[in-house]
Amino acid sequence: MSKNYDVLIVGGGPGGLSCGQYSARAGRKTAIIEEMAAGGQTMIIDEIENYPGLGKISGYELAAAFEQQATGFGCDFVYATVNSIKRLEDGSFELDTTDGAYLSPVVVIATGAKHRNLEVPGEKEMVGHGVSYCATCDGPFFRNKKILVCGGGDSACQEALYLKKLSDDVTVTHRRDRFRAQASIVKAMEEAGIKTKMNTTVQSINAENGKVKSVTFVNKSSGETYTEEFDGVFIFVGNIPQTQLVPDCEKDEAGFIKTDRNMMTSIPGIYAIGDVRDTPFRQVVTAASDGAIAAHYASEYIDARAGIKY
Ligand code: NAP
């Protein structure tokens, strides 16, 4: 039998959990459907220092607090995979999940984004043998070893700072001569003594005896190609939005879902929040804000469908 809700949220990261909290608190029957743990990518952040009002807190603790608050207001948390979302004739939606069918007039897409690969020879083969996409998960394997971080955004620079606590020898390599990361993070990186290779691309990750041995670089300014030994290569070169469930929603050129200021997508009743949305600045606080906004306007949308006007 189908389970009926007012609001169904797909994805239990900070955006989804905040949306669940606001929606349930507004008296809407709400469920978050998540296939992994509550908290999404926040769970693997070692330390968050810029969530307002909380000082320094681990991603794990912050995620747990978000979940507690959402469920405390009566939001259901369902561990399941959503296979598809079908629009019904009356404009409501049926979600086919590994926990059966769910029905609601509003669906909030909070599916986030997954890491992008560097796409160089040796990368795929060496995942788990020296190549990683998660510093908190795999950093401790490279304590006091020689570590390379690839990328120039907030993730690369912030994760390099975490890795520097584990090893004195951390280098960040970036394809341009300027970091994309926020100035405060770049400054902290400089102060921590993290080495940089700017204007440099990775040509290949080289293995010996089944694990990473070295990396071959190309210096874009001089054209020089050279190889240097590294034990661990951490790759943070951006993210790919997870939009497979809503192929018909309008997207920007990078594939992120377009929304209006109420977080509604091009399909009435479908909202998108957090890292999956076309927003220039992605933070835990902005995802949480997206969630609150979506919950508020989704509630108005439900009233409008019922003929209630303000
Ligand atoms: P991002 O901001 O998209 O940065 C990706 C970086 O990887 C860019 O520097 C990009 O270079 C580089 N890159 C992309 N493709 C590449 C390739 N094929 N080869 C080499 N380099 C490549 O991604 P992110 O750092 O994961 O951040 C994602 C979002 O989360 C951002 O909005 C960010 O602000 C946010 N975030 C915030 C915090 C924080 O506030 N503490 C922490 C982590 C993430 P170019 O610069 O040349 O494009």
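**Getting to know this predicted model**

Q: Is Met263 buried or exposed?
A: Phi of Met263 is near 75°, a positive value in a residue other than glycine. A residue counts as buried when its relative accessible area is under 20%. Met263 is at 4% relative accessibility, so it counts as buried.

Q: Is Asn144 buried or exposed?
A: Asn144 is another residue other than glycine with a positive phi, here near 60°. Its place is in the loop between α3 and β11. The cut-off for an exposed residue is over 50%. With a relative accessible area of 65%, Asn144 is therefore exposed.

Q: Which domains each give at least three residues to the shell around the ligand?
A: The shell around the ligand has 20 residues, and Asp154, Ser155, Arg176, Arg180 and Gln283 come nearest. By type, the shell divides into 4 nonpolar, 10 polar and 6 charged residues. At least three residues come from each of domain 1 and domain 2.

Q: Which helix gives the largest share of the shell around the ligand?
A: The element we want spans residues 154–164 and supplies 3 residues of the shell. Its buried residues include Ala156, Cys157 and Leu163. Among the elements covering them are α3 (135–138), β11 (147–150) and α5 (183–192). This helix is α4.

Q: Is Lys164 buried or exposed?
A: Lys164 lies in helix α4, and beyond its sequence neighbours within four places it is in contact with Val170, Ala192, Gly193 and Ile194. Its side chain makes a polar contact of 3.2 Å with the side chain of Asp168, and a polar atom of that Lys164 side chain lies 3.2 Å from the backbone oxygen of Ala192. Because its relative accessibility is 17%, Lys164 counts as buried.

Q: In which strand does Thr171 lie?
A: Thr171 has a relative accessible area of 4%, so it is buried. Leaving aside neighbours within four places in sequence, its contacts include Ile147, Lys195 and Phe230. The strand holding Thr171 spans residues 170–173 and is β12.

Q: Which helix is the place of Ser23?
A: Ser23 counts as buried, because its relative accessibility is 1%. Leaving aside neighbours within four places in sequence, Ser23 is in contact with Val7, Arg28, Thr30 and Ala295. Residues 14–25 form the helix that holds Ser23, and that helix is α1.

Q: At what distance does the side chain of Arg305 reach the backbone oxygen of Asp90?
A: Arg305 lies in helix α6, residues 284–305, and touches Asp90, Gly91, Ser92 and Pro105, not counting residues up to four places away in sequence. Arg305 and Asp90 are 215 residues apart in sequence, yet 10.0 Å apart in space, C-alpha to C-alpha. The side chain of Arg305 reaches the backbone oxygen of Asp90 at 3.0 Å.

Q: What is the relative accessible area of Arg305?
A: A residue is partly exposed when it falls between the buried cut-off, under 20%, and the exposed one, over 50%. Arg305 is partly exposed, because its relative accessible area is 39%.

Terms used
Residues are numbered from 1 along each chain as its sequence is written. This is a predicted model: local features need pLDDT of at least 70, side-chain atom pairs count only at pLDDT 80 or more; totals for chains, interfaces and linings use all residues. Side-chain values use heavy atoms; hydrogens and water are left out. A residue is near a molecule or strand if one of its heavy atoms lies within 4 Å of it. Helices (H or I, at least four residues) and strands (E, at least two) are DSSP runs, numbered from the N terminus. Ala, Val, Leu, Ile, Met, Phe, Trp, Tyr, Cys and Pro count as nonpolar, Asp, Glu, Lys and Arg as charged, and the others, Gly among them, as polar. Domain bounds come from an automatic or database domain assignment. Buried means under 20% relative accessible area, exposed over 50%, partly exposed in between (1.4 Å probe, protein chains only). Contact means heavy atoms within 4.5 Å. A polar contact is a pair of N or O atoms within 3.5 Å; within protein, one must be able to donate a hydrogen and the other to accept it, and residues adjacent in sequence count only if both atoms are side-chain atoms.
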